[in-house]
Amino acid sequence: MSFPAISFRICLLTGFLASFALEPLRASRFFNLFSPDLFVQFNIQLTAEGEIRYSVYADKKTLIKQGKMGFHLLGQAPLEKGFRWLSIDTSSVDERWEPHWGEERQLRKRCSRMVVQFEQTATGKRLDLECMVFNDGVG
């Protein structure tokens with residue numbers, strides 16, 4: 001077997017594996033993010049029409065059921081459907097910070113964080129959504 005044939009097969013296999021690795025993101029319709037104590041849950045969903053929806057639960061009780069997310073900007077087409085997932089990045093945050101006023105000298109910020117990137121396929125516009133789920137709420 002010659003070198004160019006091996007090189008071509010490796011490139012083809014690499015491209016196939018890369019597209020296979022992204023398939024779960026394309027196929028998935030929702031993602032969950034839990035607070036550090038698992039009490040609060042944030043769910044983000046992409047409908048078949050590409051609408052972004054979200055739900056919030058606490059202690060397994062529904063607080064917000066199927067909230068719809070979108071934007072109407074003056075003089076532009078609405079940003080409310082036709083989205084696709086681009087990426088999802090999750091992380092845990094545990095840091096202390098000093099407020100400018102108040103009785104406490106330091107406050108603790110402890111949460112689960114998710115940044116979701118969407119693209120509206122018809123316009124190419126991107127939307128980055130940052131969600132933080134704390135033990136006592138969602139931001």
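I take a residue as buried when its relative accessible area is under 20%, with a 1.4 Å probe. The model I examined is predicted.

**Entry: burial and surface**

I looked up how much of the protein chain is buried by that criterion, and 25% of its 139 residues are. I then read the accessible surface of the protein chain, which comes to about 9900 Å². Carbon and sulfur atoms account for 56% of that surface.

**Entry: elements and contacts**

I listed the secondary structure of the protein chain and found 1 helix and 8 strands.

**Entry: β2 and β3**

I traced strand β2 across residues 40–46 and strand β3 across residues 52–58. These two strands pair in the antiparallel sense, and I recorded 7 bridges between them. One bridge I checked joins N43 to S55 in β3. The two strands make a hairpin with 5 residues between them. In that turn, G50 has a positive phi of about 80 degrees.

**Entry: β3 and β4**

I next followed β3 to strand β4, which covers residues 61–69. Their pairing is antiparallel as well, over 6 bridges. Here I found A58 bridged to K61 in β4. The hairpin of β3 and β4 has 2 residues between the strands. I noted a positive phi near 55 degrees at D59 in this hairpin.

Methods
Residues numbered from 1 in each chain as written. Predicted model: local features only at pLDDT ≥ 70, side-chain atom pairs only at ≥ 80, totals over all residues. Heavy atoms only, no water. Helix = DSSP H or I, 4+ residues; strand = E, 2+ residues; numbered from the N terminus. Buried < 20%, exposed > 50% of the residue type's maximum accessible area, 1.4 Å probe, protein only. Areas by Shrake-Rupley, 256 points an atom, 1.4 Å probe, with all protein chains shown as cover. Pairing = 2+ DSSP bridges.
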